[in-house]
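Please open the model in your viewer and keep the sequence panel beside it. The stops below move from the whole chain to ring pairs, charges over rings and a pair of packed helices.

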Amino acid sequence: MKKSYYLIILFVNIVLIWIYFLYPTTKISLQLNDIYYKFNYNHPNPNIVFVQIGEKSINKFGRWPWDREVLAKQISKIKNAKVILLDMVFSETTNKDSYLAEVIANKNIICGFFLRNKATEILDNQRFEILANSSIELNNVKLIYAKYAEANVEPILSSCALNGVFSTISDKDNLYRRYIIAYIYKDLIFPTLGIQALRYYYNKDINIKKHTLIINNSKIPLDNENALKLNFYKNYNIVSITDIDKYDFTNKIVIIGISEVGISDIRSTPIGQIPGPFLHYTFISNILNKDYIKEYKFLNILFIFLAILSTLFSRKFQKVAKRGIIYISFILTFILTSLFLYKFYNIEIDIFYPLIFFIINLFIIEYQLFKLQEQKEAFIKEAFQSYLSPSLLHQLLKNPDKLKLGGEEKEITILFTDIRGFTTISEKLSPEEIINLINTLFSKLSHIIIDNKGMIDKYIGDAIMALFNAPLDIKNHAHLACKSAIQMQLAINEFNKVRSKKNLPPINMGSDIKFNYSALGDGVNIASRLKSETKILRVKILISKNTYDKIDKKLFKCIHKGQVYVKGKTKPMDIYSLEEI
């Protein structure tokens, strides 16, 4: 059973690990990990400003798209900015293109363009050649391919300091969490808008080696698609494009984009729906602040391993409460450690997979322990149901640990009873009549013992040996043993009156019981000697001095019968007859 149990555990965990590596992210995992964002109290970098085209500006300048001269005039008001990002594309020709192109040329402006796999318009060679000037060289880097591009018209495109991709890709649950570093289009590598902004800001190029972004001497871990998981903020620095003349943009990174509902690229994210430009904002701020999320797969594997170990360790404890403490301790430790690593080191541990490993292993272990407990209870019930009262049996099933392997030292009361003159009686009966006699009589006597919380230890020919205060503790065990002896005498008297008139049907003597819970030592010898002395002293019941001292003399009539020697003892022992008052 134990070997098969570990094989099941091993098989289940191998399957789970295989699933984990095959599908590193699932909808449940992604959404469960979103809880981290609730604990992000960082503020975005103060050198980044989002200039929004929203409700206020729409009310002033009319519906988007505006006349390009209107937009150009507003952009021209931005003074001394380090770099300006245009998160919009002007792909249709107008008569004001040259005006906007002139303003762009006089500013440090990085323009954006789309990459997609479906398009109704093919980018002409002239504009592709201009875009090619913004491409970079990277070796042995796995990137996403795109078939088509949608870029600005030629006058505007050629006036931009750089061009960057502002396409984004959602996760499997259609939420946007990651920022792609670059794409491949027509065999050239084009950085995204945020990367181009950082290249311009630092005046340094980038490199990617082994899923690590290297920029300005910083090494930033990326995922398998060379994307960075964004660490979203609760608040962003936003200025309406109508109010730019009131704001100091000196050395700022300015992102100009649309936030008006219905005309902007609103994105669904773990913090809700936000304007698409916020993805670039978040990425740039994460890099500048160095509060980007770090994901280390080996830490996820470590916690999965600890989850498995903790459940296996819990199996050592039989009590559910103790195992529960281990389970709760692991979950709390895991969650608090994960939150600690995120809050202070921006390290994100996958919450879902360690917990799912833990829960599945927990259920396997609890089910296996439940089945073992069922078997143990069935064994105890089979062994003791004929020898214990239902209430004591129930207690024993609840506390099976009371049955200690190897025994225990405790004070008990032992009751011996036998049929006097049984040899003479049996000579006059057939074997079948002897069995009926024993079964009928012992059934009555056994019920008396069990009703008084005693345990039938064994049947020895015409004798019964019973224990009180074993295997479960009984406070008044001496009293109950004496009470049983008195009731047994009364039962024998009644039995003798009807024995000649009525034959009771045979009952099972319990010969199929294999378990033997017994008493050993001086107590058994003393009880056996007292049983023999009853015949010599011609009394019905004898008790020892130890039992005499423990019972209430108001309830029983006790007469001192002298002293007897017990085998193995150097001093005689006082004995008393016992009768009902």
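Predicted model: local features only at pLDDT ≥ 70, side-chain atom pairs only at ≥ 80, totals over all residues.

Residues are numbered from 1 along each chain as its sequence is written, and side-chain values use heavy atoms, with hydrogens and water left out.

Of the 581 residues of the protein, 49% count as buried, that is, under 20% relative accessible area with a 1.4 Å probe and protein chains only. Among contacts (heavy atoms within 4.5 Å) with a separation of 6 or more, 76% join residues 24 or more positions apart.

Next, show the aromatic side chains. Rings of Phe, Tyr and Trp (its six-membered ring) pair if their centres lie within 6.5 Å, with planes under 30 degrees apart counted as stacked, over 60 as edge-to-face and the rest as tilted; by this rule there are 26 aromatic pairs. Select Phe-278 and Tyr-281, whose ring centres are 6.1 Å apart with planes at 70°, so the pair is edge-to-face. Both residues lie in helix H9 (residues 277–289), three residues apart, about one turn of the helix, and both Phe-278 and Tyr-281 are buried. Then move to Phe-330 and Phe-334, where centres 6.0 Å apart and planes at 0° make the pair stacked. Phe-330 and Phe-334 are four residues apart in helix H11 (residues 320–345), and therefore about one helical turn separates them; both are buried.

For charges over rings (NZ of Lys or CZ of Arg within 6 Å of the ring centre and within 35 degrees of the ring normal), select Lys-186, which lies over the face of Phe-128 at 4.8 Å from the ring centre. Then select Lys-553, whose charged end sits over the ring of Tyr-548, 4.5 Å from its centre.

Finally, select helix H4 (residues 68–76) and helix H5 (residues 97–105), whose axes come within 8 Å and cross at roughly 15°; axes are lines fitted to C-alpha atoms, for helices over the stretch in contact, and angles run from 0 to 180 degrees between N-to-C directions. In H4, residues including Leu-71, Ala-72 and Ile-75 take part in the meeting with H5, whose partners include Tyr-99, Leu-100 and Val-103.

Definitions and conventions. Helix = DSSP H or I, 4+ residues; strand = E, 2+ residues; numbered from the N terminus. Buried < 20%, exposed > 50% of the residue type's maximum accessible area, 1.4 Å probe, protein only.
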